[in-house]
Amino acid sequence: MSSFFIKKKVISAAPNKGDLKRKSNADDGKGRSKKFNKRMDEEISSDSENESADPRRKQQENEDDEIEETPQEKKLRLAKLYLEQLRDEEDKRAEQESFEEDLIAGRLQEDVLEQKGKLQRLIAKELIAPDPAEVRLLRGHKLSVTCLVITPDEKYIFSASKDCSIIKWEVEGGKKVHKIAGGRKGTEARHVGHTAHILCMAISSDGKYLASGDMNKLILIWDPVTCKHLYKLKGHRDAVSGLAFRRGTHTLYSASHDRSIKVWSVDENAYVETLFGHQDMITGLDCLSRERCVTAGGRDRTVRVWKIAEESQLVFHGHEGSIDCIQLINEEHMVTGGDDGSISVWTVNKKKPVSTVKQAHGSHGITGLEQPCWVSSVAALHNSDIVASGASGSHNSAVQLWKCGQGFRGLEPLFSVPMTGFVNSLKFSNSGKFLVAGVGQEHRLGRWSRIKEARNGLYIIPLKRQAQEQEVVQ
């Protein structure tokens, strides 16, 4: 009985081919049963649903795959990622260090060239004469402007005058920021400031100290930011005619009509030493970063280079009259001007000028008795091929810009900015974007003549370059 039932079950579960064939023929005319068609529709519908599945479902599947990551695999993956980040940071650090090293090397090379006097920016060929309407006049002093300085950031100008006052000006707007009023003679004990004609000023390269010297033999130290008085330096026996800070330090050099140069430590409010050598009153002084300064000796017709550390001096001759102004172009070259009307360029390696322009500003007077126009001030854009000179008098008063030739041999005129009065002081901004002239009715050292139509004030002369002009045109 058991075998019979098993056999019956097998037969019913597995029909033969003939039965399938007969059943297929008995189906509808389409060749498929309705039940089979329905199953196929369900399968197709299921596939389309999978293809258009929600992206969140895929994201969930990815998260499930991530969850399936073992702790050891995760640690290995994070370790590799961390190592890649370290490599990227190391590469960036190496690039930065290489850039900084190249930058430092370039600066060191510039410093070496500057110390040797071989660093020269050739920008004279790019300069163009300014429009007279662009020259600004700042007025505020009652008497002749005698000297001026520009702050290292080029935002402010300090000017001083025979009226014993100091004015702080804003360069951009031309506004008067602060005025240190001058006092009357005999009020020295109670007045904070100068009570005699101010002849010279200097500002430290970091803008921390401002120094001013007057005809009362005094040097006053100020805070340029607040214009508050800090120190009073005494020691000279005659008028203080020249001041200069050594670049990068607070060492101050002063020159006087007593024919001496003094060295001061402004930080310590202390006197250091005195240097002697000139045979007449000293009319000008300048210095850069070396431990040395240069001076003009007035009627002794000498230019001297003072080597402070070596306690020695170099003496140079060349002008036919009084040498009234001096300015360093770089550590090896300087420019001077005098009442003989000439401008000379010097190198510390030669006792005579390497270049001289006689009657640089022309001459004046009746025919046959002409006199050269007095060169009362000079200026130089440091480490460049540009110098400027200012003439004084009722005729041919102007600021003249010059181009230094190769090796500083020769001076070629670039352009002239006419103005009326005595050009007592000239200063270039550090960037060379503008030149400032201090002008007065009288010469800063005396009252030999007076030009009534002159205006006491500062002239700000913009120095445009051809490249800048082309950019404006475009």
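Predicted model: local features only at pLDDT ≥ 70, side-chain atom pairs only at ≥ 80, totals over all residues.
I started with the lining of the largest cavity: its residues split into seven nonpolar, no polar and three charged.

Residues are numbered from 1 along each chain as its sequence is written, and side-chain values use heavy atoms, with hydrogens and water left out.

**Cavity**

I looked up who lines the largest cavity and got Cys-287, Leu-288, Arg-290, Arg-292, Cys-293, Val-294, Val-305, Leu-328, Glu-331 and Val-348. A cavity here is a set of points, on a 1 Å grid over the protein atoms alone, where a 1.4 Å probe fits but cannot get out; lining residues have an atom within 4 Å of a point. Strand E16 (residues 292-296) gives the largest share of that lining, three residues. Strands (E, at least two residues) and helices (H or I, at least four) are DSSP runs, numbered from the N terminus. The volume is about 50 Å³, taken as the space filled by probe spheres set on the points, which are joined across faces, edges and corners. I count one cavity of 30 Å³ or more.

**Rings**

Next I went for aromatic pairs and found three. The rule: rings of Phe, Tyr and Trp (its six-membered ring) pair if their centres lie within 6.5 Å, with planes under 30 degrees apart stacked, over 60 edge-to-face and the rest tilted. Trp-264 and Tyr-271 are edge-to-face, 5.7 Å centre to centre with 70 degrees between the planes. Trp-264 is buried at 2% relative accessible area, while Tyr-271 is partly exposed at 45%. (Buried is under 20%, exposed over 50%, partly exposed in between, with a 1.4 Å probe and protein chains only.)

Phe-316 and Trp-346 also pair edge-to-face, at 6.2 Å and 75 degrees. That pair links distant parts of the chain, 30 residues apart: Phe-316 is in strand E18 (residues 312-317) and Trp-346 in strand E21 (residues 343-347). Phe-316 is buried at 1%, and Trp-346 is buried at 0%.

**Charges over rings**

Which residue lies over the face of Phe-316? I found Lys-351, at 5.3 Å from the ring centre. Lys-168 lies over the face of Tyr-156, at 4.4 Å. My cut-offs were NZ of Lys or CZ of Arg within 6 Å of the ring centre and within 35 degrees of the ring normal.

Notes
1 Å grid on protein atoms, 1.4 Å probe; cavity = no way out; pocket = protein on both sides within 12 Å on 5 of 7 lines; lining within 4 Å. Nonpolar A, V, L, I, M, F, W, Y, C, P; charged D, E, K, R; others polar.
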